[in-house]
Amino acid sequence: MSHIGSCFCGAIQLEVSGSPEAMGYCHCQSCRSWSGGPVNAFSLWKPEAVRVTSGAEHLAAYQKTKFSQRQYCSKCGGHLMNNHPTLGLVDVFAATIPTLNFIPAVHFNYAETVLPMRDGLPKLKDFPAEAGGSGEMMAE
């Protein structure tokens, strides 16, 4: 199975194949600032499952920390994905892939939330232990 996505203007097209490794929400200040919203919906993929199919010449990146390489369209500014080299995964923003059946399973960085979400999903204070976080759960 594969899904096609694009930036805001459509200049960059991408394809994801298979199934994401995880889907959920991130509440950290960086994701909120980058996404322009109170929470960011993520879908994490292995790098080999993500492919830019057209418009690669318009793909720009911004790297604020070693943890995130945020990629966007240089024509429209539309955000596409976030490479996480320390995790070995790529976050393709869920809204970028319109045919993906987004089924969130977890909240990351819930200690930083500005929009409490009482949805019954696990809420991690930061990141899972296997991703370098504490793995500590928070109450809803």
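1. Ground rules. The model is predicted: local features need pLDDT of at least 70, side-chain atom pairs count only at pLDDT 80 or more, and totals for chains, interfaces and linings use all residues. Residues are numbered from 1 along each chain as its sequence is written, and side-chain values use heavy atoms, with hydrogens and water left out.

2. Aromatic pairs. The structure holds five of them. Rings of Phe, Tyr and Trp (its six-membered ring) pair if their centres lie within 6.5 Å; planes under 30 degrees apart are stacked, over 60 edge-to-face, and the rest tilted. Y25 and F102 have ring centres 5.6 Å apart and planes at 75°, so this pair is edge-to-face. It links distant parts of the chain, 77 residues apart. Y25 lies in strand β3 (residues 22-26), and F102 lies in the loop between β9 (89-92) and β10 (106-108). Strands here are DSSP runs (E, at least two residues), numbered from the N terminus.

3. Exposure of that pair. Is Y25 buried or exposed? Y25 counts as buried, at 16% relative accessibility. F102 counts as partly exposed, at 25%. The cut-offs: buried is under 20% relative accessible area, exposed is over 50%, partly exposed is in between (1.4 Å probe, protein chains only).

4. A tilted pair. F67 and F127 sit 5.3 Å centre to centre, with 50° between the planes. This pair also links distant parts of the chain, 60 residues apart. F67 is in the loop between β6 (59-65) and β7 (68-73); F127 is in the segment after β10. F67 is partly exposed at 23% relative accessibility, while F127 is buried at 18%. Both belong to one aromatic cluster, formed by F42, F67, F108 and F127.

5. A charge over a ring. The charged end of K123 sits over the ring of Y110, 5.6 Å from its centre. The criterion is NZ of Lys or CZ of Arg within 6 Å of the ring centre and within 35 degrees of the ring normal.

6. S43. This serine is found in strand β4 (residues 40-45). S43 is buried, with a relative accessible area of 0%. Which side chain does S43 join through a polar contact of 2.8 Å? The partner is W45. The side chain of S43 also reaches the backbone oxygen of V92 at 2.6 Å. A polar contact is a pair of N or O atoms within 3.5 Å; within protein, one must be able to donate a hydrogen and the other to accept it, and residues adjacent in sequence count only if both atoms are side-chain atoms. Leaving out residues up to four places away in sequence, S43 touches several others, including P20, M23, I97 and L100. Contact means heavy atoms within 4.5 Å.

7. The open sheet. Three strands form it in the order β1-β2-β5, with antiparallel pairing. Two strands pair if DSSP finds at least two bridges between them. The edge strands, β1 (2-6) and β5 (50-54), each pair on one side only. Four bridges join β2 (residues 13-17) to β5. L14 stands opposite V52 in β5.

8. Two hairpins. Five bridges join β6 to β7, which run antiparallel. Their hairpin passes through two residues. A61 has Q71 in β7 as its bridge partner. β7 and β8 (residues 79-84) also run antiparallel, joined by four bridges. Here Q69 stands opposite N83. The β7-β8 hairpin has five residues between its strands, and G77 in the turn has a positive phi of about 80°.
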